Amino acid sequence: MIRVRKAPAYATVQDTGRRGFLASGVPRAGAMDLPALTTLNVLLGNDMGAAGIEWALTGGELEFGDATVFAVGGAEASVSLGSTQLDAYRAYGTAAGETLSIDAITGGRFVYIVFAGGIDCGVVMTSRSTYAPGRFGGLEGRRIKGGDVLTVGTSGGRRRRQFSDALPNELRPVRSREAIRFVPAEGGDAVTVEGRYTVSHASDRTGYRLVGEPRENGASITSEPVCPGVIQLPPDGEPIVLMSDAPTIGGYRIAGAVISADLGALAQRLPGEAISLEPVTVEQAQKELEAQAGLLAQVREWCLCD
């Protein structure tokens, strides 16, 4: 059991999201930086889809009611257990009564706190992810607040090397990158969005608006199916990349889609930071996703080594 002594301005329970319900109008939700969440789950011997805390904006504190194993990753942050400063992507064990503090996020946007066994809350349509706009999933479909109590599931109890070592840098997911790759839309209405932008302050879990030289041919259209990664081009010519809480249909012209392998790195970009959209082929996008899966397999092997 974990008690939230001081909640940050934003924190929710997230896993890898609910799949198979887009046709019913239910968004996927799930972690904004999936590679960070899944790497931490593998590090702890959890199923890759186990739920953790997605934490952003400000500091806060968690108090452990039982002995628990956990790890932290994603954005760079000043994290301590009692008076001990903690490393990212390293498992730590706690005793009942100890307090985990996140003092500040120093680089990036979303920190993930994952526990051996995962957070055990109600499953809604195959997922524990919070979808706050719809008020379901996670803890009553809302942000975590002070005084909340989180239950942790049963750990798989696998042999793990990570108690003595932090995960090597080369096995950690890319936290952030300026070059974000996308597959351009094809067809007679195709428009180009290649180029440099700044992440707007008008960006959240639903979508990141990009500010730059306005593109021509932005338009409202008859609504079409959309999903996380789709790049919309509204009439003002400023692209919007749909993120984890993306709706299932949209009424703006579609310019392409950010490749799945780069969505986590884009999610970690802060408002005001620069990015560039760089076109790639579908084949390149598939190779990058396979490479990401290969990295997780290496993490699993590393954890099982003596």
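Leaving aside residues up to four places away in sequence, S203 touches R109, Y208, R209 and P271, where a contact means heavy atoms within 4.5 Å. S203 is found in strand β11, residues 195-203, with helices (H or I, at least four residues) and strands (E, at least two) being DSSP runs numbered from the N terminus. With a relative accessibility of 9%, S203 counts as buried, a word that stands for under 20% relative accessible area, against over 50% for exposed and partly exposed in between (1.4 Å probe, protein chains only). This is a predicted model, in which local features need pLDDT of at least 70 and side-chain atom pairs count only at pLDDT 80 or more, while totals for chains, interfaces and linings use all residues. Residues are numbered from 1 along each chain as its sequence is written, and side-chain values use heavy atoms, with hydrogens and water left out.

Strand β2, residues 10-14, is largely enclosed by the rest of the structure, because 5 of its 5 residues are buried. Both of its faces are covered, with Y10, T12 and Q14 buried on one side and A11 and V13 buried on the other.

The largest pocket holds about 770 Å³ of space. A pocket here is an open set of points on a 1 Å grid over the protein atoms alone, where a 1.4 Å probe fits, with protein on both sides within 12 Å along at least five of seven lines, and its lining residues have an atom within 4 Å of a point. Grid points are joined across faces, edges and corners, and the volume is the space filled by probe spheres set on the points. Of the 37 residues lining the largest pocket, P35, S260, A261, L289 and Q292 lie nearest its centre. Helices α1 (34-43), α2 (260-267) and α3 (282-304) each supply at least two lining residues, and α3 gives the largest share, 10 residues.

The second largest pocket has a volume of about 420 Å³. Its lining has 20 residues, of which Y10, L57, F110, D204 and R205 are the closest to its centre. β2 and β8 (99-115) each supply at least two of the lining residues, and the largest share, 4 residues, comes from β8.
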